[in-house]
Amino acid sequence: MEFTHLSLFSGIGGLDLAAEWAGFKTVGQCESADYPARVLTKNWPNVPKWGDIRTLTKETFHERTGRKTVNVISGGFPCQPFSIAGKRGGQTDDRYLWLEMLRVIKELQPDWVVGENVAGFISMGLDTALSDLESAGYAARAFVLPACAVGACHRRDRVAIVANANSQRHTGIERLCENNEKNTERGTGAFRTVTELFDGTDGKTWATKSAFLRKTDGIPHRLDRIRCLGNAVVPQQFYPIFESIMEIERRTNFSKYKG
């Protein structure tokens, strides 16, 4: 059985990598910024793409993918309204696009939602997002995941919002919480790194010595690449979440098949 994933606010594809490591097939991506969109095109050339999330609707999704929904929608919706590096305008910031992500969720009604944002989101929007998801029919929980928990040399706290359809509540969020508590450092042998996403985008190789963007990485002095890395998700942080979701989905579908 095929398990599918739609990526919103895709950036350079950090969450997409994590989802694919766990076995999901990415069938759509949405990214408005030009340079990250070019990186996505290089790495996922055959995946339908949207620029402005406002153009991604139930109708356009079906027209371009032939599908009515997906198993998982993920999205690292813009962090600037909540980041301590900015003015923290919250919902008054014109980059506050959580409601657009919520609209897509309501229209496509996936089994699972995985949201990502900076730690500053906890005090400025998390309660609202969780309430919105509950109102839309999802059981929702949030985790704080530091990159150092998966072997990185920097903390890089990220808030992960995980939600699933209430019909799966008994096997969903609770089991995912248990799996998250058991998470241990992952090996890097089978994983592509975030920096590898840039290889070939301009005829040059992005040299790297680690999977976690360590200080020894050979990062060129390219503002666009540095900006992308600053905004990127460390895939290893979110891989355990997608892995747990896949485990739950496979067990659920196996039980249905046996029944």
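V72 stands opposite W112, a residue of β5. This is a predicted model, in which local features need pLDDT of at least 70 and side-chain atom pairs count only at pLDDT 80 or more, while totals for chains, interfaces and linings use all residues. Residues are numbered from 1 along each chain as its sequence is written, and side-chain values use heavy atoms, leaving out hydrogens and water.

Strands (E, at least two residues) and helices (H or I, at least four) are DSSP runs, numbered from the N terminus. Strands pair if DSSP finds at least two bridges between them. β4 (residues 72-75) and β5 run parallel, joined by four bridges. Seven bridges join β5 to β7, and these two run antiparallel. There, W112 has N164 of β7 as its bridge partner.

Seven of the seven residues of β5 (residues 112-118) are buried, so the strand is largely enclosed by the rest of the structure. Buried means under 20% relative accessible area, exposed over 50%, partly exposed in between (1.4 Å probe, protein chains only).

Now the interior. A nonpolar core is a set of buried Ala, Val, Leu, Ile, Met, Phe, Trp, Tyr and Cys residues joined through side-chain atoms within 4.5 Å. The largest one has 30 residues, and L6, L8, L133 and I161 have the most contacts inside it. Elements giving it two or more residues include β1 (4-8), α6 (126-135) and β7 (158-165). α4 gives the most, with six residues. Beyond its neighbours within four places in sequence, L133 is in contact (heavy atoms within 4.5 Å) with W98, L102, I105, Y138, A140, I161 and A163. A second, separate core has 26 residues, among them L15, A19, V47 and V162.
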